[in-house]
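Student: Please take me through the entry below, one feature at a time.

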Amino acid sequence: MKGKRGRGTAASDKPPVLGMIERGGQLVLHLCDNVQQRTIQPHILDTIQAGSVVNTDEYSIYARVPAWGYTHVTVNHGDREWARDDDGDGTNEVHVNTIEGVWSLLRSWLRPHRGLSQRWLPL
């Protein structure tokens, strides 16, 4: 059985969750009404210190991150790029593996429960 195509919304009972994590630091998750720049901008501005380096994939929702006052680096999952070493020191500085790990653990935790009601998700 296939679900509906496209991204979820709060109205479709599949609300998107914006996740932000500092490497070696705090995790912040926000339940969003939809996946639009104007929806995520306040969460990003309230959570991430101006001037910080923000790592994302190349999803277009993040296109304005530099205009919001951040250094923005991306990995291109469409080209099978998962991590990149920009300065040649042997360490992959550019990646989103930390937040991808969070999503993996969250899905594993939710799977036995067959999901979670939107009513309880903010908790």
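Student: In which strand is His 95 found?
Tutor: This is a predicted model, in which local features need pLDDT of at least 70 and side-chain atom pairs count only at pLDDT 80 or more, while totals for chains, interfaces and linings use all residues. Residues are numbered from 1 along each chain as its sequence is written, and side-chain values use heavy atoms, with hydrogens and water left out. Helices (H or I, at least four residues) and strands (E, at least two) are DSSP runs, numbered from the N terminus. On that numbering, His 95 belongs to residues 94-95, strand E6.

Student: Is His 95 buried or exposed?
Tutor: Buried means under 20% relative accessible area, exposed over 50%, and partly exposed in between (1.4 Å probe, protein chains only). The relative accessible area of His 95 is 14%, so His 95 counts as buried.

Student: Which backbone nitrogen does the side chain of His 95 reach?
Tutor: A polar contact is a pair of N or O atoms within 3.5 Å; within protein, one must be able to donate a hydrogen and the other to accept it, and residues adjacent in sequence count only if both atoms are side-chain atoms. At 3.0 Å, the side chain of His 95 reaches the backbone nitrogen of Asn 97.

Student: Which residues does His 95 touch, not counting residues up to four places away in sequence?
Tutor: Contact means heavy atoms within 4.5 Å. With residues up to four places away in sequence not counted, His 95 touches Arg 23, Asn 55, Val 75, Trp 82 and Ala 83.

Student: How far apart in space are Glu 93 and Ala 83, C-alpha to C-alpha?
Tutor: Glu 93 is in the loop between E5 and E6, and its relative accessibility of 24% makes Glu 93 partly exposed. Leaving aside neighbours within four places in sequence, its contacts include Arg 23 and Asn 55. Glu 93 and Ala 83 are 10 residues apart in sequence, and their C-alpha to C-alpha distance is 7.4 Å.

Student: With which side chain does the side chain of Thr 74 make a polar contact?
Tutor: Thr 74 lies in strand E4, residues 71-75, and with a relative accessible area of 18% Thr 74 is buried. Among its contacts beyond four places in sequence are Thr 56, Arg 84 and Val 94. The polar contact, at 3.2 Å, is with the side chain of Glu 58.

Student: Which residue of E4 is the bridge partner of Val 54?
Tutor: Two strands pair if DSSP finds at least two bridges between them. E3 and E4 run parallel and are joined by five bridges. Within strand E3 (residues 53-57), Val 54 and Thr 56 make up the covered face. In E4, the bridge partner of Val 54 is His 72.

Student: What is the angle between the planes of Tyr 59 and Tyr 62?
Tutor: Rings of Phe, Tyr and Trp (its six-membered ring) pair if their centres lie within 6.5 Å; planes under 30 degrees apart count as stacked, over 60 as edge-to-face and the rest as tilted. The count by this rule is one aromatic pair. Tyr 59 and Tyr 62 form an edge-to-face pair, 6.2 Å centre to centre, with an angle between the planes of 80°.

Student: What is the phi of Arg 80?
Tutor: Most residues other than glycine have a negative phi. Arg 80 is in the loop between E4 and strand E5 (83-84), and at 65% relative accessibility Arg 80 counts as exposed. Its phi is positive, near 60°.
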